[in-house]
Amino acid sequence: MPARCLYEILGLESMDVEEEAIKKAYKRQALLWHPDKNSHRKEEAVERFKEIQNAYEVLSDKHERAWYDSHRDQILRSGERHQAGASAGDGMPQKPADEEDLYQYFTSAAYSGYGDGPKGFYGVYDALFERLAKQEGKVREERQANKMSATAAGSDDDDVSGSSRLPRFGCSQSSAAEVHAFYSEWSHFCTAKSFGWADQYNLASAPNRQVRRKMEDENRKARRAARREYNDAIRDLTGFVKKRDKRVAKFAAEEAARRAEKAAIEEQKRQAEKAERAARAAAYEEADWIKASEEVLEEESEEQEQEEVEIFFCVACDKRFKSEKQLKNHETSKKHAEMVAHLRAVLQAEEGCCPDDMLQGYNLPPEQGAASTDQQGRGARGKKAKNKRRQQQQQQQR
């Protein structure tokens, strides 16, 4: 059965359509070709419905759709053997007959179910990748056995590295390690083939050396392009298969379950340790020496609080007293009265007045508080003269 365009399968006339249009076209075709509604043509309806599902599965994924759009012509030509650079004339190498047509495997129509049989998902792709692995192994052995022949053939391709034996795709019962090894290797596949069949020019037909060099350059570019396309096709096919491989989803779910179980065990362990710490803290009893130290500290604190006494201070005389009684006795003294009178005079000179409430608390007799500034000045001068006479007498005695 020739390959059909996925857009045509969904009834779309153009490739330039929106995602919503693809969804509507899929629903329309699915209702039209559903097997339950086509009992008179059951087999045809099953095949068409399978095609419709595959077309929608590819075109609804933006990445797969982009890849399909760029390789649409090759996919539609799949199954047809053709000579690369056929216009170059006779004598050109042809594409090997055992070269796999990979584009026919980019569809769910390539397999039937997910069994291990010849037509099942695992049977089809295991056989395909095994053939590809054998081709690569044969080429690698030839290149290792005769490196000089590869150089003489004009192959300047990049060095090919990797294991000599590529891992198999396996079956539905393959282990997680085998599945991981397969996708890890084939997702970064790099072929060892030289792609000499992709040459566009026959060097024997070159009229001179300059033309021959130009032909060699063009052939070299063609080989590189063919190799790049082949590597991309293998890697894309691996991604296509991985997305539909039920083993991958199964192992991913198992791994997620293991991680969740591990996280739950760790959380239980943390909770148990937390409860144990809380129990130890609740059952903890302080040592006798700690209790005794705390009691001593409490007693010292109480004593300090009891020892705290009120500070008695005279602002006018700038003196501190131990008790209130000493302060009161000081406030009745003559010296205190003089200092208060002096302070009153200073305030009057600066502010022009001295309210009585500014001198409250000094216990000053009214007559002393009303002393004039002149009397204070005379008293101060007399005291100064008295001190001067005393100093003179002491000098005479000496």
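**Exercise 1.** In this predicted model, identify which residues touch the most other members of the largest nonpolar core, and which elements supply that core.

*Solution.* Step 1: the core has 52 residues, and L10, Y125, F129, F169, W186, L237 and V241 touch the most other members. Step 2: two or more residues come from each of α1 (6-9), α2 (19-33), α3 (42-59), α4 (62-70), α6 (121-145), α8 (176-186) and α9 (209-244). Step 3: the greatest contribution is that of α6, with eight residues.

**Exercise 2.** List the contacts of W186, leaving aside neighbours within four places in sequence.

*Solution.* W186 is in contact with F129, L132, A133, L166, P167, I234, R235 and T238.

**Exercise 3.** Determine how many disulfides the structure holds, and check C317.

*Solution.* Step 1: a disulfide is a covalent bond between the sulfur atoms of two cysteines. Step 2: the cysteine sulfur closest to that of C317 belongs to C314, at 3.8 Å. Step 3: the cut-off is 2.5 Å, so this pair is too far apart for a bond. Step 4: the structure holds zero disulfides.

**Exercise 4.** Locate I311 and state whether it is buried or exposed.

*Solution.* Step 1: I311 sits in the loop between α11 (288-307) and β1 (312-314). Step 2: its relative accessible area is 57%; exposed means over 50%, so I311 is exposed. Step 3: together with F313 and V315, I311 forms a nonpolar surface patch with about 300 Å² of accessible area.

Technical notes: Residues numbered from 1 in each chain as written. Predicted model: local features only at pLDDT ≥ 70, side-chain atom pairs only at ≥ 80, totals over all residues. Heavy atoms only, no water. Core = buried A, V, L, I, M, F, W, Y, C linked by side-chain atoms within 4.5 Å. Buried < 20%, exposed > 50% of the residue type's maximum accessible area, 1.4 Å probe, protein only. Helix = DSSP H or I, 4+ residues; strand = E, 2+ residues; numbered from the N terminus. Contact = heavy atoms within 4.5 Å. Patch = residues over 30% accessible without salt bridge, like charges linked within 9 Å, V, L, I, M, F, W, Y side chains within 5 Å. Areas by Shrake-Rupley, 256 points an atom, 1.4 Å probe, with all protein chains shown as cover. Salt bridge = Lys/Arg side-chain N within 4 Å of Asp/Glu carboxyl O.
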